[in-house]
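Reader: Hi! Could you walk me through this one? I have a few quick questions.
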Amino acid sequence: MLIFEHSRPGRCNYSQSPTAETRTSNIPQNLMRKKPPMLPEVSEMDAVRHYTRLSQKNFSIDTEFYPLGSCTMKYNPRACNSLAMLPQFLSRHPLAPEDTGQGYLACMYELQEILKDVTGMKSVSLTPMAGAQGELIGVAMIRAYHESRGDRARTEIIIPDAAHGTNPATAVMCGYKVVEISTDKEGDVDMDALKAAVGPQTAGLMLTNPSTLGVFEKNIVEMSRLVHEAGGLLYYDGANLNAILGKVKPGDMGFDVIHMNLHKTFSTPHGGGGPGSAPVGVADRLLPFIPVPVVTIDKGIYRWVTEKEIPQSIGRFSAHMGNSGVLLRAYIYSRLLGAEGMHRIAEFATLNANYLMKELSKAGFEIAYPNRRASHEFIVTLKDLKEKTGITAMDVAKRLIDKGFHAPTTYFPLLVPECLLIEPAETESKETLDSFVLSMKEILEEAYTDPEMLKTAPHTTSLQRLDDVKAARELDLTWKQ
Amino acid sequence: MPYIPHTKEDVTAMLASIGANSIEDLFDEIPPDLKNGKLKEVPSGLNEMEISRLMSERAETDGHYLSFIGAGAYEHHIPAAVWQITTRGEFYSSYTPYQAEASQGTLQLLYEYQTMMASLTGMDVSNASMYDGASALAEAVLMAVRSHKSSRRVLMPSTIHPVYRKVVSAIVKNQNIEIIEIPYCTECGHILLESLAPFVGQDIAALVIPQPNFFGVLEQVDALTDWAHTNNALAIGVVNPLALAMLTPPGEWGSKGADIAVGEGQPLGIPLSSGGPYFGFMACKQRLVRQIPGRIIGRTTDLNGKPGFVLTLQAREQHIRRSKATSNICTNQGLMVTAATIYMALVGPEGLRRIAEKSHANTMILLEQLEAIKGVKRTFSGSMFYEAAITLPMPVENVLQKLKVQKILGGLDLKEYYPELGQTILVCATETKIPADLVKFTECLNHVLSE
């Protein structure tokens, strides 16, 4: 039932609105709304019940294991939320003077310093509001760099075929042509393809390392040399930073610009699809182009650095300072971890992934890159299973929901057929991984004994499999009375 | 102190299964000279009690002020239920609803949100939200250019939030789009139809129309929308969603209505929080639905014919279309929209109208009180919603400093954004202000000015 179906004309929550205004307004009649908007007219209790019930129809980290590859679904510590929601932080206006926000700005400044250190970059801007915006900002800086040198012949961005879809979409938004390069048998970027693609027309290479295939690009130093020698710059997509946090710094691999998804590595909530936050870090060459605002400290006072001090800055990308409440949560998380905790994240995420990969392999699942170490994630391919039984990766994913697990990432990366990209974050225990393996074994058996059970899964949720095709053909995007 | 549950026995058993001697062995594919040493700038870890103390101290440092700043972010009462429900783990820690059967809560909520926003803006459809108001406007500009086909020029009034204009140029810069600024009438504080005259007969993709504008002044939206359509351009409305409880929605502007409506969703139950996270909204006419960026939820049925919800029209999006997508945008501001939807359900149409009317009335009362001070006058003659530009008889900076000592944030100095408005502040009084607050502000300002 929709909230609108609970609605009754004239029902009103008087405790949630000021007393009616008797004063007349000077707003001209033609600018005044004639008919009230169709918003629900429900009691406070109706609304509370309705949305509490809706919440119960969701899977979440607080209730289920999410082995979602490239999404880093780790526990979101409750302290990060409650401390970021202290009343003084919540009530502070973004345009309030800097001296009324020294506590908040201190957190932002220290977060910048922490992120600089763990990534090995020279400067960090906290402004990007999501991974894709971090990418847009990063590639825009690459473009500004080339243009500032009068180098206008660079029209292409090189992107591996395993990359997230946001990479090519971003390059196009920055006015670049995308050159896709292939992956070799071992899951690394095909070095011959890279050599053939690199040239005086190359503006840069966008790379995720470890890649979305769950392996560390072994040739990264050579790749970096090739691109730099051709005059291009290296972009690091930080989607998989969790795998190397505190172990390897992207700056040391030769990257010129990086974005970090705080909603992954730094445990800020996914919130059912945002808000994200994706600070960008830059190496020396891109320092003059960094987006504003950035926080600095002068004689013990924190303040904003604006366009005036960074005249070549590529500008502003949010009305204020990005998703500052998300940044506060990431700051709190990073202080909880501390220097001695950062590398443990990468270590236990990697331990979990390699253990789960081994156990699934023992259980009879085909691993896409069996000769490689898993980074923090790995791929199972069900190509063989599909040929034998007709069961697809989607069927297995949906059946996992019945077993109380969120599905892994399916059909991404696109180059591995019938793939499940599996990432067990460091906050998951061995018992959870073992019970996941047990369920996967049961599902594998069912594929042969009871395939219909998989094809019609899930069965335990309030709804069974939903019709995507109908949704797109018979568009119903708003409720009508 | 990371949140890691492994016991020593677990680690031993897991390494044995893998066939590795140590955790470090698992990193043997990484070239050894790439591995970093100790982190120098990261302090050592704190426990929850220690970080709580640190954060409470920092929050105390920031304190509380009686604030009259608006300028795109507004202080409104937020019902207690909004964030208590929004931060339930099932909303807070859930993933993007790609697995529809495991995400019906978020999906249905977003469908309800789309319905509410479409109705509030008077448009046919709404997406599931954008990052913020500024980036939503940039995406609207890109969308207008995509659907217009022949023109890449967009008319942008200087009464649009100055930072929004910066964000738009930063985002569309590399796509060969020309943003042409339209000056405002310095007497009335809004755009005049005459200033569009030079563009009659030219190929223009869109005209952006704010309501209310950055100065809080109301634009002649009907005439501007009709001007756009007569000149074969799209009309993009930039609106305050709360104000729409009182004001004509963009879908009803002029004879045909605006084509796209965007804005900042913060007034709908989102705390100020130093600027974010907020959410941008975007709604449009049905014929533009395939050009809209971002996530969209559709109603469909399951195998048994029961109604349910899924992400739809995904063929527009980057994870499917890659380099040919309508935008690179991937995420929306799910949790913020969760709060906004609960907020709108709790206040309802009557509550929202009262909040808008009270805010408008408070600002008008404040304006009258301030105008009674010698040398203080309203800057613009145009009618206002819940913000007002006020010209002071002396430089603003010093005045605001002195008010701050009294724990009052007396508005925004407009000099930085509009150099021609040398001694002007932009003030705002929402429904959260009681008569005593308005009197206190007036008396303090009077005192400061007569010193």
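Reader: What pLDDT does chain B average?
Author: Chain B averages 96, and 100% of its residues score at least 70; pLDDT is the predictor's confidence in each residue, from 0 to 100. This is a predicted model, where local features need pLDDT of at least 70, side-chain atom pairs count only at pLDDT 80 or more, and totals for chains, interfaces and linings use all residues. Residues are numbered from 1 along each chain as its sequence is written, with chains lettered from A and ligands numbered from 1 in the order in which they are written.

Reader: And which ipTM and pTM does the model score?
Author: ipTM is 0.97 and pTM is 0.98.

Reader: What does A:Tyr75 touch?
Author: Leaving out residues up to four places away in sequence, A:Tyr75 touches A:Ile61, A:Thr427 and B:Tyr3. Contact here takes C-beta atoms, placed from the backbone, within 7 Å.

Reader: How far apart are A:Tyr75 and A:Ile61 in sequence and in space?
Author: They are 14 residues apart in sequence and 6.4 Å apart in space, C-alpha to C-alpha.

Reader: Switching topic, what is the strand order in the sheet of chain A?
Author: The order is β1-β7-β6-β5-β4-β2-β3, an open sheet of 7 strands with mixed pairing. Strands are DSSP E runs of at least two residues, numbered from the N terminus, and two of them pair if DSSP finds at least two bridges between them. The edge strands of chain A are β1 (123–125) and β3 (177–181).

Methods: Helix = DSSP H or I, 4+ residues; strand = E, 2+ residues; numbered from the N terminus. Contact = placed C-beta atoms within 7 Å.
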